[in-house]
Amino acid sequence: MKISKRLQMIASMVHTEHIIDVGCDHGLLDVFLAKTRNIHCLACDISDNALNHARENIKLYGMETLVQTLCTDGLTGVQVTKDDTVILSGMGTHTVIHILEKRNDVEQCIISTHTDVPYLRDWMNQNGFAIQDECFILEHGIAYVIISFSKKEIQYDESDYEIGPILKTNLSYLTYLLNETQKIYQKIPLTHKIQKEKLKEKIDMIKFCIKKAK
Ligand SMILES: C[S@@+](CC[C@H](N)C(=O)[O-])C[C@H]1O[C@@H](n2cnc3c(N)ncnc32)[C@H](O)[C@@H]1O
């Protein structure tokens with residue numbers, strides 16, 4: 001079966017036998033993990049309509065014994081154990097945080113979002129998570145950062161939050177980020193002094209990481 005490169009990348013970051021996929025939509029990630037790696041999946045979504053697509057895909061690929069579905073808001077009614085990886089992909093950072101802030105039983109999770117990633121890293125770290133792995137992928141012109149977190153106390157610095165402790169050594173990501181940040185910087189009028197200064201600091205931070213990564 002064929003799934004997008006982004007979903008393939010998320011799948012490659014799964015290292016447990018069980019996953020809970022929050023916001024599974026079409027359920028393709030779950031079907032793929034079940035079919036290719038015998039992984040047990042709980043495919044959850046707030047929308048029963050989305051879950052019907054997932055159910056069709058599960059049936060199409062004959063994965064009914066490995067993939068269960070549940071219509072629920074976030075992790076409501078879901079028991080999470082230390083052997084589960086919770087996947088939150090394709091939702092905004094604030095929705096992800098809203099889901100996780102109600103729980104203290106999530107030990108490992110993979111999050112893929114394209115909004116406010118520095119804030120996500122900061123919040124996760126304040127709540128006892130360390131970054132295990134990070135990657136990025138450009139799909140249809142949108143950059144998705146995929147981060148794998150697990151429970152561990154660790155101290156990060158500003159560039160770890162802003163760029164990522166692993167991504168700050170990734171030259172292709174840094175080059176992409178520099179281009180995008182410079183484009184935004186150019187568009188901001190001179191009158192927005194504080195905003196421009198902040199972006200200039202970020203550009204300098206990225207340039208410094210590029211120098212170190214080379
Ligand atoms: C853009 S789709 C992402 C699908 C898939 N995870 C992916 O990455 O391709 C977002 C899905 O999240 C679901 N969703 C949004 N908020 C949710 C919540 N609070 N709890 C569960 N599912 C939610 C939506 O119904 C939708 O199906």
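Domain bounds here come from an automatic or database domain assignment. The model is predicted.

**Figure 1. Two domains of the predicted model.** The assignment gives domain 1 as residues 5–155 and domain 2 as residues 170–214. Their C-alpha centres lie 30 Å apart. The protein holds eight helices and seven strands. Its C-alpha atoms fill a box of roughly 55 × 35 × 35 Å along the principal axes. The radius of gyration is 18 Å; a compact globule of 214 residues would have one near 17 Å, so the two agree. Of the 214 residues, 36% count as buried. Take the contacts between residues at least 6 apart in sequence: 61% of them join residues at least 24 apart.

**Figure 2. The shell around the ligand.** The ligand is surrounded by 16 residues. The closest are Gly 23, Asp 25, Ile 46, Ser 89 and Gly 90. Strand S2 (40–45) supplies at least two residues of this shell, and so does helix H4 (93–100). By residue class, the shell has seven nonpolar, six polar and three charged members.

Figure 3. Helix H2 spans residues 28–37. Seven of its ten residues are buried, so the helix is largely enclosed by the rest of the structure. The buried residues are Leu 28, Leu 29, Asp 30, Val 31, Phe 32, Leu 33 and Ala 34. Which elements do the buried residues of H2 pack against? The helices are H1 (5–12) and H3 (48–60). The strands are S1 (18–22), S2, S3 (67–71) and S4 (84–89). Strand S2 also contributes to the shell around the ligand.

**Figure 4. Asn 38, after helix H2.** Asn 38 follows H2 and sits in the loop between H2 and S2. Its phi is near 55 degrees, a positive value in a residue other than glycine. Is Asn 38 buried or exposed? Asn 38 has 10 other C-beta atoms within 10 Å, so Asn 38 is exposed.

**Figure 5. His 140, between two strands.** His 140 lies in the loop between strand S6 (129–139) and strand S7 (142–151). Its phi is positive, about 50 degrees, although His 140 is not a glycine. With 7 other C-beta atoms within 10 Å, His 140 is exposed.

Conventions. Residues numbered from 1 in each chain as written. Predicted model: local features only at pLDDT ≥ 70, side-chain atom pairs only at ≥ 80, totals over all residues. Near = placed C-beta within 6 Å. Helix = DSSP H or I, 4+ residues; strand = E, 2+ residues; numbered from the N terminus. Nonpolar A, V, L, I, M, F, W, Y, C, P; charged D, E, K, R; others polar. Buried ≥ 20, exposed ≤ 12 C-beta atoms within 10 Å, placed from the backbone. Contact = placed C-beta atoms within 7 Å. Rg over C-alpha atoms; globule rule 2.2 N^0.38 Å.
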